[in-house]
Amino acid sequence: MKWTIEMDKKKYNILVVEDNLGDFVLIEDYIKEQIIAPNIIHAKNFKEAKQLTLNNKFKFDIILLDLSLPDSSGEQLILEIVSLKLDCPIIALTGYTDIEFSIRSMSLGISDYLLKEDINTTSLYKSIVYNIERAKTNLKLYESEKRYSDLFQLSPQPMWVFDLETLCFLDVNEAAVNHYGYSKEEFLSKTIRDIRPLEDIPIVDEAVEKIKDKQEGGITVGNYRHTKKNGECIQVELRGNIINFNGKKAEIIVINDITEKANYIKAIEEQNKILNEIAWMQSHLVRAPLARMMGLIDVIQNHSLNDAEKEEMMTYLLSSANELDILIKDISNKTFEAKLKN
């Protein structure tokens, strides 16, 4: 039974940097056995490779690089081609077995290392596809991290990341530096306890213990008090998200300073309390002397009283009037106090 292998129909721009024509033809044949229509460009030395990579005509998907070229070789060649920042993977091809150098070449920026004597259609194709796809994945990861960094650093709201184990700040954005008054270096030398009033630290510890068991992606919310570098105490509303930050279980926090809002609500509550007191005084305290005065006036107007009785009624009337005057002054003072709270 004859097995058939489906050929790759994708379009690839492949640069092969090889001074040995025989080796180039062999590599070209291997590639064409697995890929239907590859665009293979040949460079015989580093100078030609550099010119081709700097030419905007082609954006190469991958580079196959012989490490022994007439004008450069070995580590120097790797450094030179990596310095071009080509944004594509580079597979090193060599006829020498040197495990130590192959490892070092990977650390210098080479994506893969193949011995020419071991290359065949399958191994070369797998290396090409694997390294192209890995480069795409790494690019997506880099772009994702850059978006995170941009969102974090450019956010107008204070943000930071802290270690859930040590509570140390791991990163802070510019908005946090500006709002709290600490430099970034000062922030990174502190823990989240250091920006709380001393009496609130038990609240912080309790909140952290509750979220330590949350999985990555878990969300937290809450209102807390923070202290700025100048000692000012502010009321904040925060929203957190559990993340993995450089291998550490951490939480990224977004801060919303609600101090002004909280003070306004407190002032409204105090104002309402005063207005309720005024309403109670008007409905209870004022009615008592007013009712007495109305009764006394009725007695004076509708009953025959001798002079002594009239004088006594007038004394009671004056006393009630004075009591009412005091109450009205109290109400006036509380009304003025309520206006100041507005």
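This is a predicted model: local features need pLDDT of at least 70, side-chain atom pairs count only at pLDDT 80 or more; totals for chains, interfaces and linings use all residues.
Let's start with the parallel sheet. Five strands make it up, in the order E2-E1-E3-E4-E5, and the sheet is open. At its edges sit strand E2 (39-43) and strand E5 (112-115), each of which pairs on one side only. If you ignore direction, neighbouring strands here are turned by 20° against each other on average. At the E2 end, strand E1 (residues 13-17) runs parallel to E2 and is joined to it by five bridges.

E4 and E5 pair in the parallel sense over four bridges, and Ile91 has Asp112 in E5 as its bridge partner. Side chains in a regular strand alternate between the two faces of the sheet. Which residues of E5 are buried on one side and which on the other? Asp112 and Leu114 are buried on one side, Tyr113 and Leu115 on the other, and both faces of the strand are covered.

Next come the helix pairs. Two packed helices are described by the angle between their axes and the distance between the axes. For H3 and helix H4 (residues 99-108), the axes come within 10 Å and cross at roughly 15°. That angle is under 35 degrees, so H3 counts as roughly parallel to H4. H3 supplies Gly74, Glu75, Ile78, Leu79 and Val82 to the contact, while H4 supplies Phe101, Arg104, Ser105 and Leu108. Sorted by class, the contact of H3 with H4 has five nonpolar, two polar and two charged residues. As for handedness, H3 passes H4 in a right-handed crossing.

H1 and H5 give another picture. They pack at an angle of about 75°, and their axes are 9 Å apart. An angle in the range 65 to 115 counts as roughly perpendicular, and H1 and H5 are therefore roughly perpendicular to each other. Ile27, Tyr30, Ile31, Glu33 and Gln34 of H1 meet Thr121, Leu124, Tyr125 and Ile128 of H5. By class, this contact of H1 with H5 has six nonpolar, two polar and one charged residues.

H5 lies across E6, E7, strand E9 (233-245) and E10, running at about 115° to E6. Those strands belong to an open sheet of five, ordered E7-E6-E10-E9-E8, with antiparallel pairing. E7 and strand E8 (219-227) stand at the edges; each has a single partner strand, so one side of each is left without a neighbour in the sheet. Direction ignored, neighbouring strands of this sheet are turned by 30° against each other on average. Inside the sheet, E6 and strand E10 (residues 248-257) pair in the antiparallel sense over five bridges, and Asp163 stands opposite Ala250 in E10.

Is Phe152 buried or exposed? Its relative accessible area is 1%, and because anything under 20% counts as buried, Phe152 is buried. Leaving aside neighbours within four places in sequence, Phe152 is in contact with Met159, Trp160, Val161, Asp171, Val172, Asn173 and Ile252.

Most residues other than glycine have a negative phi. Lys85, though, has a positive phi of about 50° although it is not a glycine, and Leu167 has one of about 70°, again without being a glycine. Lys85 sits in the loop between helix H3 (74-82) and strand E4 (90-94), and Leu167 in the loop between strand E6 (159-163) and strand E7 (169-172). Where do they stand on exposure? Lys85 is exposed, with a relative accessible area of 68%, whereas Leu167 is buried, with a relative accessible area of 4%.

Key:
Residues are numbered from 1 along each chain as its sequence is written. Side-chain values use heavy atoms; hydrogens and water are left out. Helices (H or I, at least four residues) and strands (E, at least two) are DSSP runs, numbered from the N terminus. Buried means under 20% relative accessible area, exposed over 50%, partly exposed in between (1.4 Å probe, protein chains only). Axes are lines fitted to C-alpha atoms, for helices over the stretch in contact, and angles run from 0 to 180 degrees between N-to-C directions. Angles under 35 degrees count as roughly parallel, over 145 as roughly antiparallel, 65 to 115 as roughly perpendicular and the rest as oblique. A crossing is left-handed if the near helix is turned anticlockwise from the far one by less than a right angle, and right-handed if clockwise. Contact means heavy atoms within 4.5 Å. Ala, Val, Leu, Ile, Met, Phe, Trp, Tyr, Cys and Pro count as nonpolar, Asp, Glu, Lys and Arg as charged, and the others, Gly among them, as polar. Two strands pair if DSSP finds at least two bridges between them.
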